[in-house]
Amino acid sequence: MSRVKQAGAIVVRRAKTGPVVLLVTAKRNPSHWIFPKGHIEDGETARAAALREAHEEAGVEARPLRKAGRTSFVYGSSEYSIDYWLAETDDDG
């Protein structure tokens, strides 16, 4: 079984009514809403990959706050491990 390392961003924007959390549609199933995530590139940290994915998938620049946790799952013949980072943005994205 191959192992795939990914990183994701839980991006929050402070609003007058409370926090607003960024979600994007999943590539495999556009009816599913997920946090931006993707592969960690060679020489890239998980934190940097998480912020890059938020920018690539949603056009949002975010500041990292702290690691939020890790999840893993098996899909096909691969085991995916995803490190999530909590981040904050001022963008209206």
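**View 1. The surface and overall build of the chain.** The accessible surface of the chain comes to about 6200 Å² (Shrake-Rupley method, 1.4 Å probe), and 50% of that surface belongs to carbon and sulfur atoms. This is a predicted model, where local features need pLDDT of at least 70, side-chain atom pairs count only at pLDDT 80 or more, and totals for chains, interfaces and linings use all residues. Residues are numbered from 1 along each chain as its sequence is written, and side-chain values use heavy atoms, leaving out hydrogens and water. Mean pLDDT (the predictor's confidence in each residue, from 0 to 100) is 95 for the chain, with 99% of residues at 70 or more.

View 2. From the N terminus, the elements run β-β-β-β-β-α-β-β.

**View 3. H55 on the helix.** Look for H55 in helix α1, residues 46-58. H55 counts as partly exposed because its relative accessibility is 38% (buried is under 20%, exposed over 50%, partly exposed in between; 1.4 Å probe, protein chains only). Leaving aside residues up to four places away in sequence, H55 touches V60 and E61 (contact means heavy atoms within 4.5 Å). A9 is 46 residues from H55 in sequence, yet their C-alpha atoms are 9.8 Å apart.

**View 4. W33 on the surface.** W33 sits in strand β4, residues 33-34. With 56% relative accessibility, W33 counts as exposed.

Conventions:
Helix = DSSP H or I, 4+ residues; strand = E, 2+ residues; numbered from the N terminus.
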